[in-house]
Structures are given as C-alpha cells and as structure tokens.
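Biologist: Please take me through the chain contacts of this model, one interface at a time.

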Amino acid sequence: MTIDIQANSIELGETIIKIDGLNKWYGQFHVLKDINLDVKRGERIVICGPSGSGKSTLIRCINRLEVHQEGSIVVDGILLTEDTKHINDVRREVGMVFQHFNLFPHLTVLENCTLALIWVRKMPKKEAEEIAMRYLERVKIPEQSQKYPGQLSGGQQQRVAIARSLCMNPRVMLFDEPTSALDPEMISEVLDVMVGLAEDGMTMLCVTHEMGFARKVANRVIFMDEGQIVEQNEPEAFFNHPQNDRTRLFLSQILQH
Amino acid sequence: MTDRVRIPLHRDPKARAIAIQLIALSLVVYGAYSLFQTTVGNLVARGIQTGTSFFDEVAPFNIGFSPLLDFKLGESTYIEVFFIGIQNTILVSILGIVAATVLGFIVGVVRLSPNWLASKVALCYIEIFRNVPLLLQIMFWNFAIFLPSLPAPKNSIEIGSFYLNARGLHMPTPIIDNSSGFILWALTLALLTFGLFIFARRAKVRFEETGRRLPVFSINFFAFVFCGFIFYKICGSPLAFDIPELGRFNFKGGGQLPLPLFSLWFALTVYTAAFIAENVRAGIQSVSHGQTEASHALGMSRRDTVRLVVIPQALRVIIPPTISQFLNLTKNSSLAVAVGFEEIVAVWAGISLNQTGQALIIIAMTIAVYECLSLLTSAFLNWYNRRIQLSEL
Amino acid sequence: MIDDLKTFTTLPDRAPPGSEIGLIAWIRQNLFGSAGSSITTLILVFLFLMYLPPFVEWALINANWVGNERSICDANKAGACWAFIGVRMDQILFGLYFGANPDQVWRPVTIFIIFFTLLIPLMIDKTPRKDILGILLLLVFPALFYVLIYGGVFGIPVADTTQWGGFLLTFALAFIGILFALPIGILLALGRRSEMPVIRAICVTYIEFWRGTPLITILFMASVMLPLFFPAGVDFDKVVRAMIGITLFQSAYTAEAVRGGLSAIPKGQYEAAMALGLGYWKRTIFIILPQGLKISIPAIVNTFIALFKDTSLVSIIGLLDLLNMAQTASRSLEWNGYDIEGYLFAGFIFWMFCFGMSRYSQNLERKLDTDRRN
C-alpha cells in the first residue's frame with residue numbers, strides 16, 4: 001500500500017455522530033466518564049487504549065448494544081433513547097464488525113449477507129442477492145458465497161462480516177478489534193479491505209491496536225484509559241509527540257517490540 | 001444531562017414490557033379464575049362436598065407396612081394414612097438412594113476399567129436397564145421373578161438370621177435390652193468419636209507442619225470398630241435382637257420388608273444405578289487428560305493424583321445430576337402403586353381417593369408433597385452450585 | 001547458492017515391534033493388564049459360562065417357537081414359550097380392535113411403514129430437503145394417522161380411541177406428547193429466558209410445577225379431575241385425557257431441553273443480529289431458534305426417550321398400552337403363567353426403540369461437538 005490517504009485528504013463533511021457528556025456504569029463500576037466526541041462525515045477515527053479502558057463500550061454505545069445512563073448520543077440527526085424506532089433507525093445506518101466475527105453459523109455466506117436486507121430493508125430476495133454478491137466481490141471472496149462460515153478461515157470470516165455490514169449501505173462503520181482474534185498471517189487481508197473502505201470515504205470508528213493501520217488511515221487517533229479520553233490528535237502528532245505521560249507510557253509498551 | 005424526550009408509548013420498550021406483562025398476568029389470572037369457577041360449578045352440579053372433614057374419619061382399610069407410625073384398622077383416620085404414605089415414600093426413597101448410589105458408583109468406575117471385559121459388562125448393564133421402562137422392570141421382578149420363584153415361608157432362603165421368601169425379607173431388629181448399659185455404651189461411643197476426631201485434626205496439623213502423613217482413615221476405622229466392640233462387651237452387651245421365627249404360616253418377630261417393597265427397592269436401585277453410573281463415568285471423563293498428566297509431571301503418585309486432582313474435579317460434575325437422580329428416584333417410587341406397596345400415591349391418591357371420592361383435595365395434597373421434596377432438592381442444588389462457583393473464582 | 005545446504009528427506013515408515021500389535025498383544029493389554037485385571041477377567045468368564053448357556057438354552061435352543069395352543073408350551077417347560085407371543089402378536093402390537101379384526105391390521109402396518117420412511121431419512125445426515133420431510137412428519141403424518149387408525153372416512157371402519165392399544169397406543173401417546181409439547185416447550189423456554197420478570201415467573205412456575213410431580217399423579221389427576229375442569233358437556237375419553245396429561249408434563253421437560261440449547265448460543269450472535277437491526281421476533285426466528293434447536297436436539301431426544309418409557313404408566317390408569325397389553329395377554333385364561341415371556345417381549349420392544357434413539361442422540365451430540373470445535 002503506497003498511497004498515503006491523508007495526502008488525498010478527503011473533505012470532511014458535517015457532524016454525523018455527536019456524543020455529549022456520556023457516562024455509563026456497570027453496576028457500581030464507572031466505565032465511561034464524561035465522554036465528548038464529534039465525528040464528521042468521512043472521518044476515520046482509531047481508538048486505542050489498554051484493555052478495560054472502555055473503548056469497546058464506547059463504540060457499542062453508538063449503536064446501543066450498550067445502554068448509557070447519562071449524556072446524549074446523536075447519530076445522523078437521530079437521538080438515541082429508549083425509543084425502539086430510533087434505535088432501529090440508527091442500527092440501520094450504522095454497521096458493526098466484531099472481534100469474533102459473529103457470523104451466523106447456520107446460514108451460508110450469502111444468506112448471512114442478505115438476511116438483514118430482506119427482513120430489515122424488506123428488499124426482494126433477488127435484488128438482495130445481487131447487492132450481497134457485489135460486496136462479496138469487493139471483499140474478494142465471491143467464490144465462497146455458498147459455503148458456511150465454519151468452512152472459512154478467520155480472515156475470510158471477518159471479510160464476510162464486513163461485507164454483511166456493508167450490504168446495509170451504512171453511513172458509519174464501527175470496528176471492534178476486528179483483527180485481534182485473527183492469526184497473524186490473516187491480519188493483512190482484513191486490514192486491506194478496511195483501507196479500501198477508508199479510501200472510498202467511509203466514516204469509520206475503529207478500536208484496534210494496529211498502529212500501522214492508524215498511521216496510514218486515521219484522521220484522528222484517540223487514546224482512552226480508565227473510561228476517559230486521555231488524548232486525541234492527528235496520527236503524526238499523536239505518535240511522534242504524545243502530550244500526556246499516560247499516552248507516552250502506553251505507546252512505549254506497545255511499540256517496544 | 002440526558003435530554004428527556006417524550007417517546008410515543010408504543011415505541012417505548014419499558015411501556016411495552018409492562019403492557020405485555022400485564023396482559024400475560026391477566027390472562028393467567030383469568031384462566032385460573034375460570035378454571036376455579038367451572039370446577040366449583042361442576043362440583044356443585046354433581047353434589048360433591050369438597051372439604052377436609054374426611055381427615056378425621058376412620059379409614060376402612062388396612063395398611064400392612066408402617067415401621068414408625070402405628071396403624072390400627074378401625075381406629076386410624078385418613079390423615080394418619082396420609083402421613084403413613086409420606087413415611088413409606090421417604091423410607092423406600094432413602095433405601096433406594098443409598099443402594100443406587102453405591103451400585104451406580106461401582107458400575108460407573110468399572111465402566112472406565114482398563115479391563116475390556118469388565119468395562120463391556122458395565123456398559124451392557126447401563127444400556128439394558130436405563131432403556132427399559134421402570135414400571136415394566138418393577139412388574140417383571142415382582143410378578144415374573146420374585147413372586148413365582150421365591151419359596152413359601154416354610155422353605156425360606158436363609159442367610160444367617162435373614163429369611164427371604166415370597167412374602168418378603170425377614171430380618172432381625174435390635175432392641176434395647178439393658179437401658180443403663182445402652183446409655184453407657186452410647187456415651188462411650190460418643191466420647192470415642194470425639195477423641196478420634198481430635199486425633200484426625202492433630203494428625204492433619206502435624207502433616208501440615210512436618211509433612212509426615214499418618215494413615216488416619218485406617219487407624220480411625222479400626223480403632224472405632226475394635227473399641228466399639230470392647231465397650232459393647234464391657235457394658236454388658238446391652239442390645240438384644242428380635243429374631244424372626246417361623247410360625248405356622250408366616251414368620252413372627254423381627255422386621256419385615258414386604259415383597260412389594262423389596263421388589264420396588266430392587267428395581268429402583270437397579271434402574272437409577274444405571275443413570276448414576278453414566279453420571280459417574282461422564283464426571284470422571286470430564287477431568288481432562290491434561291490434568292492427570294500435569295499431576296504426574298509434578299511427580300505425584302497415582303493414588304494422590306486420583307485423590308487430590310481427579311476426584312475433587314469429577315465430583316463437581318457428578319454431584320448435581322446425581323442429586324437430580326435422587327429426586328427422580330423419589331418421584332419414581334410412586335410406581336409402587338403397581339405392586340401395592342403402601343406409599344403415598346398408592347395409599348392416598350389410590351385407595352383413599354377411591355374410598356372418599358375427594359379427588360380435588362387428595363390430588364392437591366399428593367402433588368404438594370412431591371413439590372415440597374422437589375423444592376427442597378433444587379434449593380440444595382442451588383446452594384451447592386453457588387458454593388462451587390464461589391470456590392472457582 | 002550455498003554448497004552445504006542440506007536437503008530434507010523423509011525416512012521410510014517401519015512397522016512397530018511385534019509386542020504392540022496383534023490379537024495376543026490386545027488380550028494381554030486389555031484382559032490381563034495387571035493382577036487385578038486378570039482375576040476380574042477370570043471371574044467374569046466363569047460367571048458367563050455358569051449363567052449364559054442355561055439362559056440361551058431356555059430362550060433360544062429349547063424354546064417353543066411355533067404353535068397355537070398352550071399345550072405345546074406346557075409339554076416343554078425347559079424352553080421359553082414364544083408361541084404365545086406369536087399368537088397374540090397383533091393384539092400386543094396394535095391393541096384389541098386390530099387384534100380382533102385381522103383384516104384391518106393393514107392400517108397400523110401402513111402407518112408404521114409411512115412413519116419410518118419419513119423418519120429414517122431424517123436421521124441420516126446427507127438427506128437433502130430435511131425441512132420438507134420434517135413438516136410432513138409433524139403436520140401431514142398426524143392427519144394421516146387419524147384417518148388410517150381412527151377411520152370413519154373413505155369407508156374405513158371406525159376404531160374408537162378406547163379400542164386403541166398395544167404398541168400402537170404407546171406410539172400414539174408418545175408422538176402426540178412430543179408433537180404438542182414441542183411448540184409449548186419452545187415458547188416456555190423463550191419465556192424463561194425473557195427479560196420481563198412476570199413472564200419469566202409464569203414460565204418458571206409452570207415448568208417447575210410439572211417437573212416436580214411424578215407423571216403418575218398427573219395421570220391420576222387427568223383421569224379423575226379433568227372432567228371437573230371443563231364445562232359440563234365437554235368430556236374426553238380416557239386416552240385423550242392421558243394425552244392431555246402427558247402433553248402438559250412433557251412440555252415442561254421439552255422447555256428445559258430447549259432452554260439448554262438456547263443458553264449455549266454465544267452472546268455475539270444476539271449482538272450481531274441487533275447490530276443489523278433485527279427486532280426480537282426476527283432475531284429469535286432467524287438466528288436464535290435455528291441454532292438453539294439444533295443444539296438441543298440431543299436433549300430433546302433424551303426427554304423423548306424418557307417420555308416413551310413413561311407412557312407405560314398409562315397402564316396404571318387402565319389403558320391397554322404395550323406393557324399392559326402384554327401383561328393382560330400373559331394373564332389371560334389361555335396363556336396364564338407365561339408372564340416372563342410377555343414382559344421380556346414388551347421390554348425388548350421398548351429397549352430397541354429407546355436404545356436406538358439414545359445411540360442416535362449420542363452420535364448427534366458428538367457431531368455437534370466436533371462441528372463447534374472446527
């Protein structure tokens with residue numbers, strides 16, 4: 001990959017996600033503390049931090065897999081509340097890729113991709129299959145469409161999971177440690193797909209420890225610890241001149257090998 | 001901070017949940033109410049007086065077997081019959097549980113024996129007995145095997161002072177002969193137990209401090225048997241035995257397990273043991289081979305590996321389903337009705353119901369007895385599982 | 001190129017030393033592995049020689065296989081009287097009505113042939129379109145059963161449910177039991193895992209109530225009290241009452257089996273379905289139930305085995321199921337005294353089905369296990 005995406009510097013659009021004063025508790029445990037975050041259309045954000053810092057919880061709040069207690073989250077003009085209609089609208093607009101892929105093992109790759117198109121978007125089956133094949137081609141596994149997830153390698157499964165989300169034509173993609181459950185030789189095939197997405201201008205929030213990916217693709221890197229945003233900056237500045245000693249320690253720990 | 005936005009009621013999950021639950025609850029309440037109404041209406045229409053007044057009426061039938069509670073034909077009331085039924089249910093359940101546990105553990109361990117033949121015999125046992133209905137087994141043993149093939153009382157099979165014949169198993173019962181001697185004996189036994197307990201604690205402390213181990217179990221076992229016997233003689237042999245003797249038609253004296261109880265106990269044991277054996281096998285196999293290897297690699301002996309690594313882990317898997325089997329055995333003891341052993345279903349939901357016609361009360365009480373036993377079991381299981389989970393943290 | 005680069009060559013495989021293979025080695029390892037093992041083997045062999053030959057002689061060699069009267073069996077007491085089973089076969093398998101009307105026996109025979117042609121492909125792994133077969137078995141077959149066995153249409157004479165008996169009745173009770181218990185059980189299992197406390201409480205109470213009581217008291221209740229629960233004029237015969245009791249009982253056990261399968265589904269499946277925007281019912285129908293039911297099939301088969309054995313309890317409330325029919329036959333005037341044969345035959349039929357099903361469920365479990373590991 002030789003193209004530096006930042007050089008292409010896609011115009012950032014209006015705010016698509018607005019998080020204000022977000023607080024969340026698990027019982028007594030305060031996982032997210034006063035999080036404020038604005039994401040612009042086309043922005044690519046990488047969130048990193050030690051385990052248990054709340055980074056996964058934060059992005060899971062955005063499509064309400066986690067319920068927050070205080071603060072507000074507005075996604076594409078929709079305020080996330082208890083309102084089931086709003087939740088469904090947001091989930092339609094926001095795609096998510098999980099650490100453990102979470103493909104549906106009893107459905108073929110193609111059925112995994114068409115399921116939500118047919119039952120959520122109410123699309124005719126034929127049309128849904130065409131769309132699904134288009135995205136499977138894009139993640140470079142159209143030939144696997146009739147197989148079951150269990151027959152694929154981890155990297156292939158994760159690419160199917162990405163295609164499954166893309167089928168819904170989301171405005172935002174959330175990635176929750178998409179490469180941490182993969183064998184080392186499969187990481188790059190997934191990252192390649194993600195880089196391709198970024199080039200096309202997809203708004204992405206990505207929890208990951210792949211710092212090479214962050215340097216190459218991100219507009220902004222966010223470092224979280226203890227449920228707070230410690231520091232955020234452009235990748236160049238973030239990696240070369242971290243402002244906070246906590247960030248410095250973290251970077252030295254993950255980059256020393 | 002959160003914007004309090006009004007959500008339309010039908011889109012608010014909380015409101016929807018409350019509505020669904022209200023509807024479900026009212027459906028259940030309405031169902032129960034209309035069932036109650038119909039039942040009362042039917043009872044009135046048929047002129048059935050439902051009530052508990054029959055409890056104090058004298059039961060016009062005999063109960064032959066009641067080891068603890070007295071039954072006198074023409075004096076005992078229905079409510080006594082109810083309690084005798086519970087007593088007999090509990091009695092046969094305890095007998096069955098003890099025997100089935102012993103047999104089940106033996107078969108389960110044999111199933112894993114390195115000896116191919118023994119393992120296959122255990123497998124055949126398990127597969128035959130757990131795949132044939134228990135009721136059929138009870139009837140088979142009682143009507144096809146024991147009843148025709150066991151001899152009349154005159155020609156009983158003698159094993160010491162035990163006599164087995166077509167009426168059941170007769171055995172000697174201990175009676176207290178010399179009460180002051182017995183109290184003395186009981187006291188010395190208590191003291192002895194206490195002393196051995198202290199000894200075991202001391203030995204454990206010493207083991208922890210010095211690492212030297214004593215065969216505590218064998219010492220205690222032999223000390224208990226030996227001293228117990230000596231004290232028994234010193235106290236003037238305070239126990240006598242009521243030994244069954246052959247009268248003109250039947251045995252007199254001693255205790256008797258009537259044949260239906262014997263058949264029921266036998267069939268319940270054989271049937272439940274097959275299930276317990278499977279639990280034991282699965283439990284032992286659930287301890288991964290890596291555990292044994294790790295223990296051997298640490299240099300522990302085979303015996304210590306089994307005792308300290310395999311058994312503690314296996315028991316956690318074995319105990320919960322085995323306790324459910326105990327409950328199953330207790331519920332299955334209700335099949336006694338087929339051979340006429342006088343436990344609660346036979347004597348209460350069977351004979352008493354036919355005599356009084358009080359179906360509603362009688363069935364409800366029978367169910368209540370079993371529900372209590374089942375609640376007790378699951379309370380115990382919950383407690384046990386929670387304890388295990390705690391110790392795993 | 002470097003000169004001293006070594007080339008990897010595979011060494012040829014050699015056979016293991018003789019002491020490790022062959023029959024002798026197997027016997028030494030598995031029968032005489034240690035002193036204890038040797039003694040066990042000898043004792044077991046001795047016991048086999050003691051008890052097996054007399055039993056085989058009685059059951060097979062000296063047995064009376066053919067004949068229509070008891071005099072043949074009475075003349076040869078050294079062997080089992082299988083002739084009795086042969087004479088009463090129709091009755092024991094299909095009940096009084098078909099036992100008395102040999103010209104109608106084709107009806108149950110046809111129904112069982114249909115049943116097994118539907119069932120056996122379902123149990124084979126590679127069969128295509130299992131869903132269609134399953135629907136045929138669960139929806140079309142019961143209707144066919146009613147038409148053929150009960151009759152009353154297409155000029156087929158009526159065989160009233162009170163006249164159903166033998167293995168046919170055992171089968172009908174178990175099949176109806178599982179047929180109705182399955183949907184109820186699925187709903188109960190979903191309810192028990194619901195987040196709504198009232199729904200959960202209702203389902204838990206229902207499930208634990210039926211599981212806490214022995215089936216025999218439920219059958220007593222069904223046969224004595226059921227008429228009281230319904231408005232006057234609504235009445236069922238004994239067989240239908242037993243079916244109702246069995247269904248209520250079985251639904252609780254099925255619910256627990258299904259719940260086990262549901263709880264084995266990883267949380268990620270729910271999350272992925274939610275993230276795609278699928279609501280509760282769509283999630284349940286397309287994602288959760290297909291996986292959960294598949295995992296719980298072995299457990300459901302196990303509860304079905306238990307139910308199949310438990311149907312024999314209806315003989316206590318006077319229905320002529322397989323057990324009671326065999327017993328009645330062996331206590332009839334003509335064949336009184338041959339109850340061992342009667343019990344053994346009924347027991348063998350029960351055993352065959354239960355053992356077959358338990359083997360099937362074990363295989364399935366093993367397969368699911370390896371599936372999940374891959």
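**Interfaces of chain B**

Modeller: Contact (heavy atoms within 4.5 Å) joins 55 residues from chain C to 49 residues from chain B. This is a predicted model, in which local features need pLDDT of at least 70 and side-chain atom pairs count only at pLDDT 80 or more, while totals for chains, interfaces and linings use all residues. Residues are numbered from 1 along each chain as its sequence is written, chains are lettered from A and ligands numbered from 1 in the order in which they are written, and side-chain values use heavy atoms, with hydrogens and water left out.

Biologist: What area is buried between chain C and chain B?

Modeller: Buried area is the accessible area (1.4 Å probe) that two parts lose on being put together, summed over both. Carbon and sulfur atoms give 73% of the area between chain C and chain B. Of the area that chain C buries here, Leu228(C), Lys309(C) and Tyr343(C) supply 15%, more than any other three residues. The area buried between the two chains is about 4400 Å².

Biologist: Which side chains meet in a salt bridge between chain C and chain B?

Modeller: A salt bridge requires a side-chain nitrogen of Lys or Arg within 4 Å of a carboxyl oxygen of Asp or Glu. The rule finds one across this interface. At 3.7 Å, N to O, the pair is Arg359(C) and Glu127(B).

Biologist: Which residues of chain A lose the most area to chain B?

Modeller: Here 12 residues of chain A are in contact with 11 residues of chain B. The two chains bury about 920 Å² between them, 55% of it on carbon and sulfur atoms. Together supplying 48% of what the chain A side buries, the residues that lose the most are Glu82(A), Asp83(A) and Thr84(A).

Biologist: Which side chain meets Lys14(B) in a salt bridge?

Modeller: Across the interface of chain A and chain B the rule finds one salt bridge. Its N to O distance is 3.2 Å, and the partner of Lys14(B) is Glu82(A).
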